[in-house]
Amino acid sequence: MSRPPDLEADQMGKIVTGLFTSLDGIVDADDDWQFPYFDEELFARVLAGWRSAATLLLGRHSYEGYERLRVEHPDSPMLAFLDATPTCVVSSTLTHARRDGVTIIGGDPERIAQLRAESEGNVLVLGSPTLVRWLLANDLLDELNVTVLPIVVGEGPRLFDDMPTQRLALRLTGSEALRSGALELQYAPTTR
């Protein structure tokens, strides 16, 4: 897929993830196992990721989870970020958004590539492991950022359950151990 000729490579955004996972690969955000690791250092890194985002890209399940956050934790600092950032939700079942600034889009790879090409900052995928797998399988994800938390959860959805491709080569582009024991890993597909 080619980029429009008038858009320079350094102006084009990247599609990047922001995922938390347990040591055993669990990515279920509906549980509270990740919260004890949210110290000042980790929160500062989360904020830096938010600041780099021009657009949010969410799967339906994550979008609905963030909408529940409005009711269950109305004082969450994440709500200001969500309200200020244009959001696209990839869904084949949703027909309308619950608030302004949210656009429902289908799973068309060309539409997702267009989002990247038109973005003046990163297109940030928060959570949304099913969407992350789909983006990887369609060679649309530029950067896989995973924060591995030092806990074994045991049960729950794993990041690469039901991966639509058998093998996917990634290269490590960054890593850092945090004081909490969390490990931040940054990967890029070898196709990029």
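Two strands count as paired if DSSP finds at least two bridges between them. Helices (H or I, at least four residues) and strands (E, at least two) are DSSP runs, numbered from the N terminus.

This is a predicted model: local features need pLDDT of at least 70, side-chain atom pairs count only at pLDDT 80 or more, and totals for chains, interfaces and linings use all residues. Residues are numbered from 1 along each chain as its sequence is written, and side-chain values use heavy atoms, with hydrogens and water left out.

- Eight strands make up an open sheet with mixed pairing, in the order 4-3-2-5-1-6-8-7.
- Strand 4 (102–105) and strand 7 (170–177) are the edge strands, each pairing on one side only.
- On average, neighbouring strands are turned by 25° against each other, direction ignored.
- Angles run from 0 to 180 degrees between N-to-C directions, with axes fitted to C-alpha atoms, for helices over the stretch in contact.

**Strand 6**
- Strand 1 and strand 6 run parallel and are joined by four bridges.
- L19 has V146 in strand 6 as its bridge partner.
- Strand 6 and strand 8 run antiparallel, with five bridges between them.
- Here L144 has Y187 of strand 8 as its bridge partner.

- Helix 4 (residues 109–118) lies across strands 1, 2, 3, 4 and 5, at about 145° to strand 4.
- Helix 5 (residues 129–137) packs on the sheet and touches strands 1, 2, 3, 5, 6, 7 and 8; contact means heavy atoms within 4.5 Å.
- The direction of helix 5 makes about 105° with that of strand 2.

**Helix 1**
- The twelve residues of helix 1 (residues 40–51) should span 16 Å at 1.5 Å a residue, and the end C-alpha atoms are 16 Å apart, which agrees.
- That expected span is 1.5 Å times one less than the number of residues.
- E41, L42, V46 and W50 are the buried residues of helix 1.
- They pack against strands 1, 2, 5, 6 and 8 and against helix 3 (78–84).

Definitions and conventions:
Buried means under 20% relative accessible area, exposed over 50%, partly exposed in between (1.4 Å probe, protein chains only).
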